[in-house]
Amino acid sequence: MGPTYMIDARHESKTKFLNAAMHVIRVKGYTATRIEDVCAAAGLTKGSFFHHFKSKENLALAAAEHWEEVTSGLFRSAPYRQLADPLDRVLAYVDFRKEILRGELADFTCLVGTMVQEVYDTNPDIREACNRSISSHAATIEADIEEAIRKYGVEGEWTAQSLALYTQATLQGAFILAKAKSGSEIAVDCIDHLHRYIEMLFSQSDPRSVRNDRGTATARR
């Protein structure tokens, strides 16, 4: 058993803990999650846990970073990234968020959104880790919105950054309602409203905009 094998095995076990934490915390919440719960979900021992993490807080900070890495990869490879028009990308991003509302609540709700709701006033390190993750993701949408604003000459008392953060506020709120109502249907409705709102913001300046029978702005494809 050489040193390379040991490094690979240690990396694999740490990833198992991080993946387990992402699931368990979304099910139980950060406060109720115990180290033993994460070990059981990972299929690893408590001794192995402390080889990688000093505490549950240390695990949460690493899990927030892992969450950002995993989700960033998902969105970078999503089909909407290939669309040429920036407004199409923004609207298709919203549609993609609806498409991935699959499985149990813990499968599609947000790890960092879950944690920050619990600890925003009691654990500044975790709060800031969650803020970095949410803000970093919003920045990727902001770039597309900014490009769409320039392309279509949109003017208003709002910015690309504020709209990008609003998309995240809507999504996080949708997740809370889904938890309250124990189902994804309300989240789907919220995301549909977000799509319509963004279309409305751009409709007056978007030459592709048409009106359907209900008078709702709809972008041509």
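Leaving aside neighbours within four places in sequence, Ala 64 is in contact (heavy atoms within 4.5 Å) with Leu 111, Val 112, Met 115, Ala 129 and Ser 133. The model is predicted: local features need pLDDT of at least 70, side-chain atom pairs count only at pLDDT 80 or more, and totals for chains, interfaces and linings use all residues. Residues are numbered from 1 along each chain as its sequence is written, and side-chain values use heavy atoms, with hydrogens and water left out.

Ala 64 sits in helix α4. Its relative accessibility is 2%, so Ala 64 counts as buried. Buried means under 20% relative accessible area, exposed over 50%, and partly exposed in between, with a 1.4 Å probe and protein chains only. Leu 18 lies 46 residues from Ala 64 along the chain, and the C-alpha atoms of the two are separated by 9.0 Å.

The chain has ten helices and two strands. Helices (H or I, at least four residues) and strands (E, at least two) are DSSP runs, numbered from the N terminus. The order from the N terminus is α-α-α-α-α-α-α-α-α-α-β-β. Of the 221 residues in the chain, 43% are buried. Among contacts with a separation of 6 or more, 65% join residues 24 or more positions apart.

Two helix pairs were examined. Helix α4 (residues 56–76) and α8 pack at an angle of about 5°, and their axes are 9 Å apart. Therefore α4 is roughly parallel to α8. Axes are lines fitted to C-alpha atoms, for helices over the stretch in contact, and angles run from 0 to 180 degrees between N-to-C directions. Angles under 35 degrees count as roughly parallel, over 145 as roughly antiparallel, 65 to 115 as roughly perpendicular, and the rest as oblique. From α4, Glu 57, Ala 60, Leu 61, Ala 64, Trp 67, Glu 68 and Phe 75 take part; they meet Asp 125, Ile 126, Ala 129, Arg 132, Ser 133, Ser 136 and His 137 of α8. The residues of this contact are seven nonpolar, three polar and four charged. Ala, Val, Leu, Ile, Met, Phe, Trp, Tyr, Cys and Pro count as nonpolar, Asp, Glu, Lys and Arg as charged, and the others, Gly among them, as polar.

The second pair is α5 (residues 86–99) with α10 (residues 185–203). Their axes come within 9 Å and cross at roughly 170°. Helix α5 is therefore roughly antiparallel to α10. On the α5 side, the contact is made by Leu 87, Val 90, Leu 91, Val 94, Asp 95, Arg 97 and Lys 98. On the α10 side, it is made by Val 188, Ile 191, Asp 192, Leu 194, His 195, Ile 198, Glu 199 and Phe 202. By class, the residues of the contact of α5 with α10 are nine nonpolar, one polar and five charged.

The largest pocket has a volume of about 580 Å³. A pocket is an open set of points on a 1 Å grid over the protein atoms alone, with protein on both sides within 12 Å along at least five of seven lines; a cavity is a set where a 1.4 Å probe fits but cannot get out, and lining residues have an atom within 4 Å of a point. Grid points are joined across faces, edges and corners, and a volume is the space filled by probe spheres set on the points. The pocket is lined by 32 residues, and the closest to its centre are Trp 67, Thr 71, Phe 75, Arg 97 and His 137. Elements giving two or more residues to this lining are α1 (3–28), α4, α6 (105–108), α8 and α9. Helix α4 gives the largest share, eight residues. The lining has 16 nonpolar, nine polar and seven charged residues.

The structure also holds two cavities of 30 Å³ or more. Two or more of the lining residues come from each of α7 (111–119) and α9 (160–181). The largest share, four residues, is from α9. Three lining residues are nonpolar, four polar and one charged.

Two further sites were examined. Ser 13 is found in helix α1 and is buried, with a relative accessible area of 12%. Leaving aside neighbours within four places in sequence, Ser 13 is in contact with Leu 44, Ser 48 and His 52. Glu 155 lies in the loop between α8 (124–152) and α9. Glu 155 is exposed, at 76% relative accessible area.
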